[in-house]
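Please keep the sequence and the 3D view open while you read.

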Amino acid sequence: MADNDKSMVAKIVGMGVTLGAAWVAHKVIDAAWEKTRGHKPPAADSTDEDINFSEVAAAAVITGALVALSRVLATRGAAKLIGR
C-alpha cells in the first residue's frame with residue numbers, strides 16, 4: 001500500500017476510533033458521576049436553578065480531559081495499527 005493510501009486509511013480509521021472512544025469516555029463519566037453523586041452530570045447549557053456552577057465546571061473539566069485523552073490514545077493506536 002502506498003504511503004498516501006496508508007495516510008488516508010489511518011485518518012479515516014482514526015476518526016472512527018476517536019468518535020467511539022469519546023462516546024465510551026462520556027458513558028464512563030456519566031456512570032461514575034451518577035454512582036458517586038446520585039445523578040447524571042449537569043449539562044453545560046443547563047438552566048436549572050438548583051445546579052451550582054462548581055458542579056458544572058467540575059463536570060466540564062473531567063469530561064474535557066478524559067475525552068481529549070481518549071482521542072489522543074485512539075488516534076495514536078489507529079496510526080500504529082495502520083502502520084504495520
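## A first look

Alanine 78 is a residue of helix α2; helices (H or I, at least four residues) and strands (E, at least two) are DSSP runs, numbered from the N terminus. This is a predicted model, in which local features need pLDDT of at least 70 and side-chain atom pairs count only at pLDDT 80 or more, while totals for chains, interfaces and linings use all residues. Residues are numbered from 1 along each chain as its sequence is written, and side-chain values use heavy atoms, with hydrogens and water left out.

**Alanine 78 and glycine 14**

- With a relative accessible area of 5%, alanine 78 is buried; buried means under 20% relative accessible area, exposed means over 50%, and partly exposed is in between (1.4 Å probe, protein chains only).
- Setting aside residues up to four places away in sequence, alanine 78 touches Val13 and Gly14, where contact means heavy atoms within 4.5 Å.
- Alanine 78 and threonine 18 are 60 residues apart in sequence, yet their C-alpha atoms are 9.0 Å apart in space.
- Glycine 14, one of the residues touched by alanine 78, is found in helix α1, which covers residues 3-37.
- Glycine 14 is buried too, with a relative accessible area of 7%.
- Between the C-alpha atoms of glycine 14 and arginine 37, which are 23 residues apart along the chain, the separation is 33 Å.

**The chain as a whole**

- How many helices and strands does the chain have? There are two helices and zero strands.
- The radius of gyration of the chain is 17 Å, well over the 12 Å that the globule rule gives for 84 residues, so the chain is more spread out than a compact globule.
- That radius is taken over C-alpha atoms, and the globule rule is 2.2 Å times the number of residues to the power 0.38.
- Along the principal axes, the C-alpha atoms of the chain fill a box of roughly 55 × 20 × 15 Å.
- Of the 84 residues in the chain, 23% are buried.
- Among contacts in the chain with a separation of 6 or more, 60% are between residues 24 or more positions apart.
- The chain exposes about 6,300 Å², and carbon and sulfur atoms supply 63% of that area; accessible areas come from the Shrake-Rupley method with a 1.4 Å probe, and for residues only the protein chains shown count as cover.

**The salt bridge**

- Side chains of opposite charge can pair when their charged atoms come close.
- The structure holds one salt bridge, meaning a side-chain nitrogen of Lys or Arg within 4 Å of a carboxyl oxygen of Asp or Glu.
- Glutamate 55 and arginine 37 form a salt bridge, and their closest N and O atoms are 2.5 Å apart.
- Because glutamate 55 lies in helix α2 and arginine 37 in helix α1, the pair ties together parts that are 18 residues apart in sequence.
- Is glutamate 55 buried or exposed? Glutamate 55 counts as buried, at 11% relative accessibility.
- Arginine 37 is partly exposed, with a relative accessible area of 48%.
- Beyond residues up to four places away in sequence, glutamate 55 touches Trp33, Arg37, His39 and Pro42.

**Serine 70**

- Serine 70 is found in helix α2 and counts as buried at 13% relative accessibility.
- What does the side chain of serine 70 reach? At 2.8 Å, that side chain reaches the backbone oxygen of valine 67.
- Apart from neighbours within four places in sequence, serine 70 is in contact with Ala21, Ala22 and Ala25.

**A nonpolar surface patch**

- Ile62, Leu66, Leu69 and Leu73 make a nonpolar surface patch of about 350 Å².
- Patches are made of residues with over 30% relative accessible area and no salt bridge: like charges are joined within 9 Å, and nonpolar side chains (Val, Leu, Ile, Met, Phe, Trp, Tyr) within 5 Å.
- Leucine 69, one of the patch residues, has its place in helix α2, which covers residues 53-83.
- At 46% relative accessibility, leucine 69 counts as partly exposed.

Conventions. Polar contact = N/O pair within 3.5 Å; in protein donor to acceptor, adjacent residues only side chain to side chain.
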